[in-house]
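Visitor: I am new to this structure. Please take one part and show me that part closely, then connect it to the rest.

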Amino acid sequence: MRTVRIRKGLVLLLMLVLAFAFYSLLGRLNPNLIVFINTFSMAVLLAAIIYGEIEGAVMGTVAGLLADAFSDGVFGLSGLSLTITGFLAGWFAQKINLNSLGKRSVMLFFFSLFQLLLWVVLYNFIFKNSLLYSRPGLYLQPVITAIITSLLAGLLRPVKKAVD
């Protein structure tokens, strides 16, 4: 039983390392791509819909704090929004059959949108200014995140079965 937890932990760690690597690569290619593609949110949503709410919340905390370490905002803001999103997405994923690409994409879109709105509201509450006017690329982030994450989740289903 203990080996399953270690393997699952290694898969989650690998997802986090890949999210960080792609975040760094996107930043080097074009810093504007980071606004469109939120790799940390993708890792959290993947962990949540594949493994459940606890893994989604833990991944949200770790990925959010890692994302905050590379931002110039308040430390913990992404951690809080990704933790809540990871837990809720994992909880709903256990209640809904997400085997079809359409259902999975719609659910991931709504949770990606929820995470972005929660982050923007918290940011606005702390700094008293809105990012939605200064960064219009944020409007596309939930769509792009949902499409990429939904496709990756379909590819990672066999990995989950091999780990379990």
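Guide: Start with how a helix pair is described. Axes are lines fitted to C-alpha atoms, over the stretch in contact for helices, and the angle between N-to-C directions runs from 0 to 180 degrees. Keep in mind that this is a predicted model.

Now the pair itself. Helix H3 covers residues 39–51, and helix H4 covers residues 53–69. They pack at an angle of about 170°. Their axes are 8 Å apart. Angles over 145 degrees count as roughly antiparallel, so H3 is roughly antiparallel to H4.

Which residues make the contact? On the H3 side they are Phe40, Ala43, Val44, Ala47, Ala48 and Tyr51. On the H4 side they are Glu55, Gly56, Met59, Gly60, Ala63, Leu66 and Ala67. Sorted by class, the contact has 10 nonpolar, 2 polar and 1 charged residues.

Take Tyr51 next. Tyrosine 51 is found in helix H3. Its relative accessible area is 12%. Buried means under 20%, so tyrosine 51 is buried. Along the sequence, tyrosine 51 and tryptophan 91 are 40 residues apart. In space, their C-alpha atoms are 9.9 Å apart.

Leucine 46 is also placed in helix H3. Leucine 46 has a relative accessible area of 6% and is buried. What does leucine 46 touch, leaving aside its neighbours within four places in sequence? Its contacts are Met15, Thr149, Leu152, Ala153 and Leu156. The C-alpha atoms of leucine 46 and glycine 154 are separated by 9.9 Å. Those two residues are 108 places apart along the chain.

Alanine 57 is buried, at 15% relative accessible area. Not counting residues up to four places away in sequence, alanine 57 touches Thr83, Gly86 and Phe87. Leucine 82 is 25 residues from alanine 57 in sequence. From C-alpha to C-alpha, alanine 57 and leucine 82 are 7.5 Å apart.

Now step back to the core. In soluble globular proteins, nonpolar side chains tend to be buried together. Here the largest nonpolar core has 28 residues. Those with the most contacts inside it are Leu12, Met15, Phe40, Ile49, Met59, Ala89 and Met107. Six helices each supply at least two residues of this core: H1 (2–29), H3, H4, H5 (77–95), H6 (101–127) and H8 (141–163). The largest share, 10 residues, comes from H3. Another core lies apart from it, with 7 residues, among them Val35, Leu116, Tyr123 and Leu138.

For contrast, look at a loop. Leucine 140 lies between helix H7 (131–134) and H8. Leucine 140 counts as partly exposed, at 47% relative accessibility. Its C-alpha atom is separated by 9.6 Å from that of leucine 113, which is 27 residues away along the chain.

Last, the whole chain. It has 8 helices and 0 strands. Of its 164 residues, 40% count as buried. Among contacts between residues at least 6 apart in sequence, 69% join residues at least 24 apart. The chain exposes about 9,200 Å². Carbon and sulfur atoms supply 71% of that area.

Note on methods: Residues numbered from 1 in each chain as written. Predicted model: local features only at pLDDT ≥ 70, side-chain atom pairs only at ≥ 80, totals over all residues. Heavy atoms only, no water. Helix = DSSP H or I, 4+ residues; strand = E, 2+ residues; numbered from the N terminus. Parallel < 35°, antiparallel > 145°, perpendicular 65-115°, else oblique. Contact = heavy atoms within 4.5 Å. Nonpolar A, V, L, I, M, F, W, Y, C, P; charged D, E, K, R; others polar. Buried < 20%, exposed > 50% of the residue type's maximum accessible area, 1.4 Å probe, protein only. Areas by Shrake-Rupley, 256 points an atom, 1.4 Å probe, with all protein chains shown as cover. Core = buried A, V, L, I, M, F, W, Y, C linked by side-chain atoms within 4.5 Å.
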